[in-house]
Amino acid sequence: MSGLRELQAAVGRSVLGQDEPSLDDVIEGDGLAPAARLQIYRHHYETSLAEALKSIYPAVCRLVDERFFAFAAQAYIKSSPPRRVCLHEYGADFAEFLAGFPPCRELVYLPDVARLEQLINAALHSPVEEALGTEAFLDVAVGDYPRLVFRLLASLRYLDSSWPVDRLWLAQQAGQEGAVDLDEGGCLLEIRQRGEEVVFRRLDAPEFILRRALLAGQTLESAAAAALVADPTFDLAMALRRLLGEGLVAGFSLAPTDSI
Amino acid sequence: MTHPPAEAARKAGIGLRGPHLAAVVASPPAVGFLEVHPENYMGGGPALGALERLRRDRPISLHGVGLSLGGTDGIDTGHLDRLAALVDRLAPFLVSEHLSWSGVGGVYLNDLLPLPYTEEALEVMVRHIDQVQTRLGRPILVENPSSYLRYRHSTIEEPAFLAELTWRTGCGLLCDINNIYVSGCNLGFDPLAYLAELSVAPIGEFHLAGHSINEVDGQEIRIDDHGSAVAEPVWALYRAALGRFGARPTLIEWDSRLPDLSVLLGEAAKADAVGVAKLREAGHVGAS
């Protein structure tokens, strides 16, 4: 083993679970097999990442129980080693992993519970921003309203689920997940910071479509058109009042006139 | 090292972890300072706002775990930029990192992995400490690791390696008393002899923490898990460190099996009492 780079690559492979006999000649045993010493680091890697996942996905853990969660986490960690340093950013695709994890096949709602928890976690670690009031729009000409592009709060997230994941999440908090009727249908959720915490609530379809489109950077005209397709009676003026009144707009700009 | 804020010089601090944040905000404890892992605050969010409010009346220290100063991948400049932004925002009185590496080939191994103590590793550490200090515009402290293995091809003793780092980069040292004890037990060196080999001037902070004892293939291995009270031999080593180095900002770290906040505060009070008694005995402070 000639250099530091090669050594770190070998130790890295060992931490990730491979046997690395080449390290036997490099590590002083001091009464133990070098592999037994490396195992201490491998154990820490696996258990600390499993703990990180559990802290981000506590409802998933409670829904499947600790042992199953540890089993799923171990498989996920093996398939997706972290690429980023901040552990609260680890496991962002855990929901997709669960969706394709054969032992979870029966738990069809589980990936969406994980998606909800991932969005809660992302909202919790988003910058805190000041919301704009209506006075910020006084100088915008009415004729320019269609070109408005809102910058919504950084913590805002939207989830369209085929399952009542909000009720599942709340029920498992109370230890009553069996009380939720999975056949009651899906939900459209808005997740955001409020004060020191993150909250979520249901929206009806046109409001959800409008806000999700605005969050994606669509112009007001384009987002409103999508909402009106869902409900031709949708009251856009009231919806905008609610958007501002709930403190969800952090900034705005006007799209170029030729872009709409 | 520059002088620490008066509170941090007078009283021990505690490592502030997420589950204790609300209790600390509701009733800020009378500790010398609060130390946090910057990685937990890099996204922003309400927790960072709370820390900014706490910072108004308590010195803050940032103790990084993710720079991988000894890593051959090089410093992740995006991560360093995020650290620099936090340093600007929180104006901590100390910024520290570790003598270790944490990733290779773009994979983050979530640990403070041991380096061989060679000229090559020294050059990597020096280059990266220089890069970090230049970006932050201030010196950092580098912490001695807790180790479970050593490499046969190491040519430099750990205290001498740390001394070289301080001479070549101007960084200070974070002397983790528990790590010295844990590594000494695991690797068979005398913790007191290790202390005696460290230079006095660069020491900018002490860390105290608990460890656990595991049996591996019939051999006792001490694991630096920060999951219990500081062990008695570590308090004894702390007394010896105070005798050799004098007072420095001292931190109680507790990361796993987190107890009630009052338990941490009890450990901080014990560190204060040990410090006052030892420094009086050593003639570093007068009776008052």
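A:Leu7 is buried, at a relative accessible area of 2%. That residue sits in helix H1 of chain A, which spans residues 4-15. The model is predicted.

**Buried leucines**

- A:Leu7 and A:Leu23 are 16 residues apart along the chain, and 8.0 Å separates their C-alpha atoms.
- B:Leu149 is buried too, with a relative accessible area of 3%. Both leucines therefore fall under the 20% limit for buried residues.
- B:Leu149 belongs to a loop of chain B, between strand S7 (141-143) and strand S8 (150-151).
- From B:Leu149 to B:Asn186 the chain runs 37 residues, and their C-alpha atoms are separated by 7.7 Å.
- Leaving out residues up to four places away in sequence, B:Leu149 touches residues of chain A and chain B. From chain A come A:Ile27, A:Arg37, A:Leu38 and A:Tyr41. From chain B come B:Pro114 and B:Leu187.

**Nonpolar cores**

- The largest nonpolar core holds 138 residues. Within it, A:Ile191, B:Leu165 and B:Leu198 touch the most other members.
- B:Leu198 has contacts beyond its neighbours within four places in sequence. These are B:Pro159, B:Leu162, B:Leu173, B:Cys175, B:Ile180, B:Ile203, B:Arg244 and B:Phe245.
- A second core is separate and has 26 residues, among them A:Val140, A:Phe150, A:Leu156 and A:Ala223.

**Helix H9 against H10, chain B**

- H9 (residues 232-245) and H10 (residues 261-281) have axes that come within 9 Å and cross at roughly 40°. The two helices are therefore oblique to each other.
- The crossing is right-handed.
- H9(B) contributes B:Glu232, B:Trp235, B:Tyr238, B:Arg239, B:Leu242 and B:Gly243 to the contact. H10(B) contributes B:Glu267, B:Lys270, B:Ala271, B:Val274, B:Gly275, B:Lys278 and B:Leu279.
- Sorted by class, this contact has 6 nonpolar, 2 polar and 5 charged residues.

**Helix H7 against H9, chain B**

- The axis of H7 (residues 177-187) comes within 9 Å of the H9(B) axis, and the two cross at roughly 120°. H7(B) and H9(B) are therefore oblique as well.
- H7(B) and H9(B) form a right-handed crossing.
- On the H7(B) side, the contact uses B:Ile177, B:Asn178, B:Ile180 and B:Tyr181. On the H9(B) side, the residues are B:Pro233, B:Val234, B:Leu237, B:Tyr238 and B:Ala241.
- The contact has 8 nonpolar residues, 1 polar residue and no charged residues.
- B:Tyr238 of H9(B) takes part in the contact with H10(B) and in the contact with H7(B).

Conventions: Residues are numbered from 1 along each chain as its sequence is written. Chains are lettered from A and ligands numbered from 1 in the order in which they are written. This is a predicted model: local features need pLDDT of at least 70, side-chain atom pairs count only at pLDDT 80 or more; totals for chains, interfaces and linings use all residues. Side-chain values use heavy atoms; hydrogens and water are left out. A nonpolar core is a set of buried Ala, Val, Leu, Ile, Met, Phe, Trp, Tyr and Cys residues joined through side-chain atoms within 4.5 Å. Buried means under 20% relative accessible area, exposed over 50%, partly exposed in between (1.4 Å probe, protein chains only). Contact means heavy atoms within 4.5 Å. Axes are lines fitted to C-alpha atoms, for helices over the stretch in contact, and angles run from 0 to 180 degrees between N-to-C directions. Helices (H or I, at least four residues) and strands (E, at least two) are DSSP runs, numbered from the N terminus. Angles under 35 degrees count as roughly parallel, over 145 as roughly antiparallel, 65 to 115 as roughly perpendicular and the rest as oblique. A crossing is left-handed if the near helix is turned anticlockwise from the far one by less than a right angle, and right-handed if clockwise. Ala, Val, Leu, Ile, Met, Phe, Trp, Tyr, Cys and Pro count as nonpolar, Asp, Glu, Lys and Arg as charged, and the others, Gly among them, as polar.
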